[in-house]
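Colleague: I have not seen this structure before. Could you take me through some of the labels used for it?

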Amino acid sequence: MVWARTKLLIWDYIFEPVKDLRISYAGPKPETLYEKVKDLIKLVFNVPDAYVQEKTYNWERGKESEKFEIEWEVNKILDTFSYITIEVSLRGFSVGGEGKADVRIRPRLITEYPQDTVWQHSIFYELLRRFWHVHFYHRKRMEYLNLGKETIVSFEQSLKRYMDDLRAGREQTF
């Protein structure tokens with residue numbers, strides 16, 4: 001991530017034109033998805049704890065029911081200019097051990113170019129930056145998009161496998 005006051009941002013959704021992926025679950029123990037999603041985020045995206053932020057945590061417990069809503073933001077830094085931001089949200093409820101849950105995944109590749117100095121505001125800098133971006137960096141960004149697709153698909157498949165195991169009555173660990 002570039003730390004600048006003013007910057008040029010280029011956003012690409014990982015799965016264009018789809019902006020988010022949704023996975024629904026209905027069955028026993030949907031509340032166990034919280035720990036599983038947390039573990040999968042660290043394992044699949046391979047990011048330290050400092051790059052995973054739990055933005056929202058709301059868990060309501062009743063006598064025999066639970067309602068939960070959690071949102072995470074994960075930043076995977078790729079190089080000086082580009083990083084992948086993944087927003088993961090988990091919502092659901094459980095009554096008597098049975099319930100439903102929805103997981104929403106919003107991945108984006110973001111490239112930032114600083115524009116703080118007089119040189120970075122000049123037309124010559126912009127021409128050079130544009131030339132470099134189109135002829136050299138564009139290939140690297142396409143590699144990052146493919147990396148993002150692979151990791152999101154791996155996360156999605158691992159989560160679906162866990163959900164299938166929950167439905168079948170066999171919880172798995174890593």
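Colleague: Why is Phe93 called partly exposed?

Modeller: This is a predicted model, and in it Phe93 has a relative accessible area of 39%. Buried means under 20% and exposed means over 50%, so 39% falls in between and Phe93 counts as partly exposed.

Colleague: Where is Phe93, and what is it in contact with?

Modeller: Phe93 lies in strand S5, residues 82-95. Neighbours within four places in sequence aside, Phe93 is in contact with Pro30, Glu66, Lys67, Phe68, Glu98, Gly99 and Lys100. Lys29 is 64 residues from Phe93 along the chain, and their C-alpha atoms are 9.4 Å apart.

Colleague: What makes H1 roughly antiparallel to H3?

Modeller: Helix H1, residues 33-45, packs against H3 at an angle of about 150 degrees, with the axes 10 Å apart. Angles over 145 degrees count as roughly antiparallel, so H1 is given that label relative to H3. The crossing of the two helices, H1 and H3, is right-handed.

Colleague: Which residues make that contact between H1 and H3?

Modeller: From H1 they are Leu33, Lys36, Val37, Leu40, Ile41, Val44 and Phe45. H3 contributes Thr151, Ile152, Ser154, Phe155, Ser158, Leu159, Tyr162, Met163 and Leu166. Of the residues in this contact of H1 with H3, twelve are nonpolar, three polar and one charged.

Colleague: Where is the kink in H3 centred?

Modeller: Helix H3, residues 123-168, has a kink of about 55 degrees centred on Tyr137. Just after H3 comes Gly169, with a positive phi of about 90 degrees.

Technical notes:
Residues are numbered from 1 along each chain as its sequence is written. This is a predicted model: local features need pLDDT of at least 70, side-chain atom pairs count only at pLDDT 80 or more; totals for chains, interfaces and linings use all residues. Side-chain values use heavy atoms; hydrogens and water are left out. The bend at a residue is the angle between axes fitted to the seven residues ending there and the seven starting there. Helices (H or I, at least four residues) and strands (E, at least two) are DSSP runs, numbered from the N terminus. Axes are lines fitted to C-alpha atoms, for helices over the stretch in contact, and angles run from 0 to 180 degrees between N-to-C directions. Angles under 35 degrees count as roughly parallel, over 145 as roughly antiparallel, 65 to 115 as roughly perpendicular and the rest as oblique. A crossing is left-handed if the near helix is turned anticlockwise from the far one by less than a right angle, and right-handed if clockwise. Contact means heavy atoms within 4.5 Å. Ala, Val, Leu, Ile, Met, Phe, Trp, Tyr, Cys and Pro count as nonpolar, Asp, Glu, Lys and Arg as charged, and the others, Gly among them, as polar. Buried means under 20% relative accessible area, exposed over 50%, partly exposed in between (1.4 Å probe, protein chains only).
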